[in-house]
4 protein chains.
Amino acid sequence: MKFKVFSELQYTVNMPTTFIFNIQVARTARQVILEENLIVDPFIQAEQYNALNSDGRFIKLYVNNPGNFSISYSATVDLQYNIFYPEQLLQTTPIAKMDAETIPYLFPSRYCQSDKLQRLAYKEFGGIQNTYAQVSAIADWIYKNVEYLSGSTDASTSAYDTLTERAGVCRDFAHLGIALCRALSIPARYFTGYAYNLNPPDFHACFEANIGGEWIFFDPTHLVPVNGLVKISNGRDAADAAVASIFGGTICNSMIVKCESVDPTFSPIYSNNHEKEKGLSYQ
Amino acid sequence: MKFKVFSELQYTVNMPTTFIFNIQVARTARQVILEENLIVDPFIQAEQYNALNSDGRFIKLYVNNPGNFSISYSATVDLQYNIFYPEQLLQTTPIAKMDAETIPYLFPSRYCQSDKLQRLAYKEFGGIQNTYAQVSAIADWIYKNVEYLSGSTDASTSAYDTLTERAGVCRDFAHLGIALCRALSIPARYFTGYAYNLNPPDFHACFEANIGGEWIFFDPTHLVPVNGLVKISNGRDAADAAVASIFGGTICNSMIVKCESVDPTFSPIYSNNHEKEKGLSYQ
Amino acid sequence: MKFKVFSELQYTVNMPTTFIFNIQVARTARQVILEENLIVDPFIQAEQYNALNSDGRFIKLYVNNPGNFSISYSATVDLQYNIFYPEQLLQTTPIAKMDAETIPYLFPSRYCQSDKLQRLAYKEFGGIQNTYAQVSAIADWIYKNVEYLSGSTDASTSAYDTLTERAGVCRDFAHLGIALCRALSIPARYFTGYAYNLNPPDFHACFEANIGGEWIFFDPTHLVPVNGLVKISNGRDAADAAVASIFGGTICNSMIVKCESVDPTFSPIYSNNHEKEKGLSYQ
Amino acid sequence: MKFKVFSELQYTVNMPTTFIFNIQVARTARQVILEENLIVDPFIQAEQYNALNSDGRFIKLYVNNPGNFSISYSATVDLQYNIFYPEQLLQTTPIAKMDAETIPYLFPSRYCQSDKLQRLAYKEFGGIQNTYAQVSAIADWIYKNVEYLSGSTDASTSAYDTLTERAGVCRDFAHLGIALCRALSIPARYFTGYAYNLNPPDFHACFEANIGGEWIFFDPTHLVPVNGLVKISNGRDAADAAVASIFGGTICNSMIVKCESVDPTFSPIYSNNHEKEKGLSYQ
């Protein structure tokens, strides 16, 4: 399944500024980058580094001179997500068998205060039999109970707030899903990527829960097809996986994001029609 | 410099429970473990794993049967901390030159909401010339403005609260130090360890800030000598480095912690007498 | 219906301290005080004042000398609560017809951040037809979803916290009930009183919602009979109606609270058995 | 001293809506209304009521039909504020001597969580000798440490947030001042009014502290002359004294606010030049 993605971010830089961008697609066994292109204008030497506990490929660069600055990225990827069937999804991994890469995703993080949600999570979802059904119920609950409302939240909004205020954007939906999973001792992590047919176009945020050793994908917004994502990176939450972390002083003037299928046979699967007994993984 | 450390944790387990313990001392180039001993009673096979982005050596084990359970650990270590002098401490590493291991410590975490403290941090400490002087001023400010008060906080207390409520324990002091550093774009991380002469005896928490590429140690509590620490592990905050993470149902009945010098020449250095122009690192 | 109430509070006073006590029963048309007795030991001249927007009768006194100090209060009251039947409870008062005494109870207060709960309140209770059914549903929801857990909260816990953390004591249950009512534009206020058969004995907190112009009583804890309350006072929340507000330095050594029926015909009505179509008012 | 004030609020009403407006100037012994005029368009019968514990004169009205709706108010007032000199300002009223109207302003409220700020308030301002000097120091501290930044806060922002986030508008400055006073057991209340020469024109918010039995005026924003205020009302905080409380669905299309001196001899006094030893009261 082939997708073509593109993003362009334009800034006015007011003082010497370091940028860390998280806009390149992840290179994984199942997501092959056929071609990609990164343009920094005016040209500045950028350095790339890989996140320690994720496939994320970050770009660091330092803009010394005030003025306009833009970065644009395009890539064509061939990705093959995995489908999991009931018998596989019913497997669970005891915490004592989880590895050092998975365990940190059990703990609370900046935007996912799972330690404060345990009683609520057990009351609402604790009686559900298996892990996959629990996480599905969490994603459904968020979809039904939280209103998708642009501008209702900001960069400091966390799952604790969203649970009560009941409004947010994709990032808030993801944080709440993650926090509720972790409150039930299910490892969960943030997923940021390019999304097919997202309207208005933007970067998208969803989450993955570790079920039977696999990172199963969930999108409580139901805004895009579950098979229409191109992964940029994972993280504990948006603190790890911001599109741009900026140290200095800038104004973002424009942001363009695109994600198109270049596969004539691509058939989008929307959560609503999605047969609930199947899971899907981008890992 | 040799220290002998000991800890014993006793629990009554009420239901099948997984424990992740973080009580073994770190094995680093400067902290050599001369001997160590771990006893689990009744005997249960424990598994050890190393943290991904720290020297932490965690122990996982699963207690299936209700009843009493205890874990005790002892070690003798030979450690050699580093002293840094002014000319070294005046060096700074631009963010664009930081590596993948350091960068995550710039971002906010569960107990260190640095994103919400930027204006305050710049107002209070932004005018100070160099990074080492800034972090020293942060540690002093915490010592002067926050009251050390056992029982005033709990496991959900964060730097955001402590800044206003002005009371806490070592963990809260460390979180506030970390949050203020990160608010100034200084990487900072949690440090947990055994501490010489801590009264009452307990595990101790402090923090490290990355200055000129070195992790310099700070303890805003002033409760123990700065050269009397034996590192267990680092982390973004207490979420990463809890002494015990427990998944199940238990009651902790008792905790014994000891840290003794076995070096007749050991001369404790207290922050108060500490010549301010010297830095110290356990890295 | 006659009740005999008693309370005694003992303090060690460490520095000159002003106390405001809120332990005397309210004097209302339906709650007649047959006899009452207040003892301050050592004797200090106390001053009484009435709350502006409540039947509360507060006692102010200033203890200048360090040492032990106690206040005890006893009263026998004859009270006649009102029962309201469906046809009465179905009446609603439009906000535009509410008076100056009722309107302040529409607004958020320290422990009842109704402004932040509107979306949640409308999602959960907005579809319910009439005001009485809405408030009954709120009280039931709290009873079912919040765990009564002594020691789980403190004097700074508010409805915003309880909604997520799902544990608390009578005060927290009342705050949450009030906050959810106000979020639906239903005036609601805190009720503190002596409660028959509360175990362990203590002062009790409940709430009243204004329905069709009457202050109808609700107790989401279900801990005491709904006809077993003797009102001390009302307020916006516990900030207005604390048992004791203390300005200075003291330690509370003991608190004794009693509430007995002195009416051989008294038959307690518990919410559980309570016919839901009847409302009850202490106003 | 004569001022002419004017305000006009225009709404599009989408569903039946009740408005409570708080835009009329207070009628007090020292603030005489020479003429005033209220226009509701289209005409709807409005009802006026007085706040219980303030000079506020609220207007309630119910708009049944969707469409445009506007309310405009103008008044000419003659006001005579009081000046207090050092010897008067050094008087203090013990809490035990405060009356039922003053005592509620000692307690925390929705936006002024004074109960959580006691340690901080005592550390920062507790050592200052007298009440007037303490409140002056609080107002100065806010002016110096909090940035006036339009759009940085919203209707749910409280003093607890502002203390850490260090940005806000006049309402936030007032809330923080009130909260810090109450944390020191100084009664303090919200003041909303028309302000001479406020730029951009808007309603203004300040606070009053009760010193020696008088409500002394403080404006930590330093945006307007301290003798250029026309009082609308007081309250515990903005929850009591919002310009408009709206129950229903509307969009505010425009707001015009004016306050002009009609006194040729008026000489504005700005806090900066203000002789610190004098206090001023609008009571």
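Modeller: In this predicted model, about 1600 Å² is buried between chain C and chain A, and carbon and sulfur atoms give 47% of that area.

Biologist: How many residues does each chain bring to that contact?

Modeller: Chain C gives 18 residues and chain A gives 18 residues.

Biologist: And how many salt bridges and polar contacts are there between chain C and chain A?

Modeller: There are six salt bridges between chain C and chain A. The count of residue pairs in polar contact is 11, with both residues at pLDDT 80 or more. On the side of chain C that touches chain A, the elements giving two or more residues are α2 (118-125), α3 (131-145) and α4 (159-165) of chain C.

Biologist: Which element gives the largest share of that side of chain C?

Modeller: That is α4(C), with five residues.

Biologist: How are chain C and chain A related geometrically?

Modeller: Chain C is superposed on chain A by a rotation of 180 degrees with 0.0 Å of shift along the axis, at an RMSD of 0.0 Å. The two copies are therefore related as by a two-fold rotation axis. Within chain C, Thr164(C) has the C-alpha nearest the axis, 3.6 Å from it. Both copies use the same surface, since 100% of the contact residues of chain C recur in chain A.

Biologist: What about chain B and chain C, or chain A and chain D?

Modeller: Chain B and chain C are joined by no contact, and their closest C-alpha atoms lie 11 Å apart. Likewise, no contact joins chain A and chain D, where the closest C-alpha atoms are 11 Å apart.

Biologist: Back to the charged pairs: which residue of chain A does Arg166(C) meet in a salt bridge?

Modeller: Arg166(C) meets Glu124(A), with an N to O distance of 3.7 Å. Arg166(C) is in the loop between α4 and β8 (167-168) of chain C, while Glu124(A) is in helix α2 of chain A, so the pair joins two chains.

Biologist: Are those two residues buried or exposed?

Modeller: Arg166(C) counts as buried, at 4% relative accessibility. Glu124(A) is partly exposed, with a relative accessible area of 29%.

Biologist: Which residue of chain C pairs with Lys116(A)?

Modeller: Lys116(A) forms a salt bridge with Glu165(C), and the closest N and O atoms are 3.7 Å apart.

Biologist: Switching to pairs inside one chain, what does Glu47(C) pair with?

Modeller: The side chain of Glu47(C) forms a salt bridge with that of Lys60(C), at 3.6 Å from N to O. This pair links distant parts of the chain, 13 residues apart: Glu47(C) belongs to strand β3 (residues 47-50) and Lys60(C) to strand β4 (residues 57-63) of chain C. Glu47(C) is partly exposed at 38%, whereas Lys60(C) is buried at 3% relative accessibility. Elsewhere, salt bridges that share partners join Arg27(A), Glu36(A) and Arg57(A) into one network.

Biologist: How many salt bridges does the structure hold over all chains?

Modeller: The structure holds 40 salt bridges over all chains.

Biologist: One more residue: where does Arg182(A) lie, and why has it no salt bridge?

Modeller: Arg182(A) lies in helix α5 (residues 170-183) of chain A. Arg182(A) is buried, and the nearest side chain of opposite charge, Asp237(A), is 5.5 Å away. A salt bridge requires the atoms to be within 4 Å.

Biologist: What does the side chain of Arg182(A) have as a polar neighbour, then?

Modeller: The backbone oxygen of Ala188(A) is 3.0 Å from a polar atom of the Arg182(A) side chain. Residues that Arg182(A) touches include Tyr105(A), Phe107(A), Cys112(A) and Arg236(A).

Methods: Residues are numbered from 1 along each chain as its sequence is written. Chains are lettered from A and ligands numbered from 1 in the order in which they are written. This is a predicted model: local features need pLDDT of at least 70, side-chain atom pairs count only at pLDDT 80 or more; totals for chains, interfaces and linings use all residues. Side-chain values use heavy atoms; hydrogens and water are left out. Copies are superposed by least squares on the C-alpha atoms of residues with pLDDT of at least 70 in both. Contact means heavy atoms within 4.5 Å. Helices (H or I, at least four residues) and strands (E, at least two) are DSSP runs, numbered from the N terminus. Buried means under 20% relative accessible area, exposed over 50%, partly exposed in between (1.4 Å probe, protein chains only). Lys and Arg count as positive and Asp and Glu as negative; His and the chain ends are not counted. A polar contact is a pair of N or O atoms within 3.5 Å; within protein, one must be able to donate a hydrogen and the other to accept it, and residues adjacent in sequence count only if both atoms are side-chain atoms. Buried area is the accessible area (1.4 Å probe) that two parts lose on being put together, summed over both. Lists of a residue's contacts leave out its neighbours within four places in sequence.
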